Amino acid sequence: MTRRAAVRQERGVAMVLVVFVVALTSLISLLLINTVSGEADRSADAVTRETAFQAAEAGIDDYIAKLVDDRTYYLHYVHPGEATRQEPGGTLVTAGTAWTYDLTWTYPNGSDAWRQIPNGYEYSLQVTPPSAESQYVRIVATGRKAGSTTDQRVIETLVRPSSLA
């Protein structure tokens, strides 16, 4: 093999090596971009879920604050963030109004009343009063981004009104 042929062969091998290194670097770059993008999406979703959880927790804290002031608050008012109650006779009582019925009600429309909080999220409550089976007030709070129907977080809390103070 002549010297010129050997140089051409070395150049050919070097070119193949350069093409291989460029292809490998491009592949690694694409994988890295895909991974970073996926992590950013997962991080944003986690923030949304965590903030929805905090909104639900804010609803529970607000209701418990009302119970501290009035141990039987659930018998006097439908909280502004509470879903529409229906008493056994069929009367619907919406959020933020007085409750003049007995200790029995249902939530026929699910979470239909939402109370916004300053961070752009909202919560809805469903309250079950104490009964013969349970001495606790059961509060179920649902939090979500305002207006969203996804990424809802639900918290259930049992509170014994006599122990609040």
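User: Hi! How many bridges join strand β3 to β4?

Analyst: Strand β3 (residues 115-116) is joined to β4 by 2 bridges, and they run antiparallel. Two strands pair if DSSP finds at least two bridges between them. Helices (H or I, at least four residues) and strands (E, at least two) are DSSP runs, numbered from the N terminus.

User: Before I go on, what kind of model is this?

Analyst: This is a predicted model, where local features need pLDDT of at least 70 and side-chain atom pairs count only at pLDDT 80 or more, while totals for chains, interfaces and linings use all residues. Residues are numbered from 1 along each chain as its sequence is written, and side-chain values use heavy atoms, with hydrogens and water left out.

User: Thanks! Which residue in β4 is opposite Arg115?

Analyst: That is Tyr123. The hairpin of β3 and β4 has 4 residues between the strands, and Gly120 there takes a positive phi near 90 degrees.

User: And over how many bridges do β4 and β5 pair?

Analyst: They pair over 8 bridges, in the antiparallel sense.

User: Why is β4 called largely enclosed?

Analyst: Because 6 of its 8 residues are buried, β4 is largely enclosed by the rest of the structure. Buried means under 20% relative accessible area, exposed over 50%, and partly exposed in between (1.4 Å probe, protein chains only).

User: Now the largest nonpolar core: which residues touch the most other members?

Analyst: Of its 24 residues, those are Tyr63, Leu67, Tyr74, Leu125, Val127, Val137 and Ile139. At least two core residues each come from α1, α2 (73-76), β4 (121-128), β5 (137-145) and β6 (153-159), and α1 gives the largest share, 6 residues. A nonpolar core here is a set of buried Ala, Val, Leu, Ile, Met, Phe, Trp, Tyr and Cys residues joined through side-chain atoms within 4.5 Å.

User: Is Val137 buried or exposed?

Analyst: Val137, in strand β5, is buried, at 0% relative accessibility. Beyond four places in sequence, its contacts (heavy atoms within 4.5 Å) include Leu67, Tyr74, Val127 and Pro161.

User: Changing topic: what does Thr48 touch?

Analyst: Not counting residues up to four places away in sequence, Thr48 touches Tyr121 and Asp151. Thr48 is found in helix α1 (residues 3-69) and is buried, with a relative accessible area of 17%.

User: Last one: is Leu27 buried or partly exposed?

Analyst: Leu27, also placed in helix α1, is partly exposed, with a relative accessible area of 46%.
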